[in-house]
Amino acid sequence: MLPFANIDFYFLFALLVPALYLAKVLLKERVPFASVIMGLSLFYVVVYYPKPVQLLLFTLYECLFTWLLLFRWKRSHGLLGSLLLALPMVLVKLDWNIDVIGFAGISYITFRCIQVYLDGELLRDKFRFIDFIGFLLFTPSLLVGPIDRYERFKADLDQGWSRLNKAALLSGWEFLVLGLLHKFVLAELADRYWLSTVDATSTACADMAANMYGYAVYLYCDFAGYSLLAIGLGRMMGIELPKNFDRPWLTQNPPEFWKRWHISLGDWLRDYFFRPIYKSLSAVQRLRTWPLLKQNIALFSTFLLMGCWNGLEVHYVVSGALFGIYSVVYNTYQYKSRKHKWDLWGSTPTWAVKSISIFVMANLACFALYIFSGRFPYVH
Amino acid sequence: MKTDNRVFRIVKWTAIYVVLALGLLWLHDPRSISMDAAKSSVKFVYQQF
């Protein structure tokens, strides 16, 4: 049973959440909150998660190598360490028919491990296996995030049983209701009465437009709904997961879009991929005098990686590359307009500039997501 | 202002609950609801004692 996928999951947690609050009353003095969160997460994985053996073996692998890299081999292995932690995920993504190691949610656990490893210098003193396993396997964020950070998750655990209170329960419930509305009503409506009625292979302009906008609405409602459900259940269980969507269709440019769409992935890629690449490029002597080129290489590589991470199918790679091109073009425009004091908009009113920017950005994002969907007839 | 916020909140959440309830009833067949997971978790907890 995958998290939030069907009604059984909600029945299960309608029992487990009150049990957690009951445990607060009964076990408060005797059992630490972190142990109960870890126990509950393990219980769910062992009893209900599909392919629990693979998930547990993978968790063991990640724990072992995170420990070796942090406490035995130290940080000198940088990229090699990240590759070691990402190896199972890469093998699964390469799709070499090695289903034996694959399971749903492998990428998100890998991301969390790499974060702990790369922030190792800061986290070494705070590292505890009970917290780490709870962090990796926390049920609400197990399948598709949001991608939390260890230090933030641990701060919630350290506050202990006081995290379980009426305010957390009520605000979690509100997120849960909004998530249900997005995922099971709005996304379902978009799928059933919009997307399913359009021929996905059609090359007629009207059909392609219907596919493009329909998929964007469906994906947003489904994914934002899932994230709201995860945040809601997380809060009810005392953990405040980070926000993942923040009105992304009102953004005016690509960097802003990625600060509002799948926020936790955008932040992760910025901190653990873009910055290290930019830093490495800065060390290259020949690129010292080419700051724009360095930024653009790092930006494009980051989005290309994001595309490849979804899978090595052409539509994923092209959609990642397209988001990369958007960012490179916008970054170049920003750089040049600052340097040469361009004034492209002249005396155009601010509201008009803002409206045009929002319209253009929303359409560019819809187009890239249309390619991502695999429904675009020329790239699939 | 406070009353306005409260009224707005009540109207907003009433609308959300109504749309959610009608949407769930319309789009998802209530007869397909199964209690299997709830039953097995109650059984599992019961077995621990």
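A: In chain A, 70% of the contacts with a separation of 6 or more come from residues 24 or more positions apart. This is a predicted model, where local features need pLDDT of at least 70, side-chain atom pairs count only at pLDDT 80 or more, and totals for chains, interfaces and linings use all residues. Residues are numbered from 1 along each chain as its sequence is written, while chains are lettered from A and ligands numbered from 1 in the order in which they are written.

Q: What pLDDT does chain A average?
A: 90, and 98% of the residues score at least 70. pLDDT is the predictor's confidence in each residue, from 0 to 100.

Q: OK, how many helices and strands does chain A have?
A: 16 helices and zero strands. Those are DSSP runs numbered from the N terminus: helices are H or I with at least four residues, strands E with at least two.

Q: Which residues are buried in α1(A)?
A: Phe9(A), Leu12(A), Phe13(A), Leu16(A) and Leu20(A). Buried takes 20 or more other C-beta atoms within 10 Å of a residue's own, exposed 12 or fewer, and partly exposed is in between, with C-beta atoms placed from the backbone.

Q: New topic: why is Leu189(A) partly exposed?
A: Because it has 16 other C-beta atoms within 10 Å. Leu189(A) sits in helix α10 (residues 166-193) of chain A.

Q: And how far is Leu189(A) from Tyr218(A) in space?
A: 8.3 Å, C-alpha to C-alpha, though they're 29 residues apart in sequence.

Technical notes
Contact = placed C-beta atoms within 7 Å.
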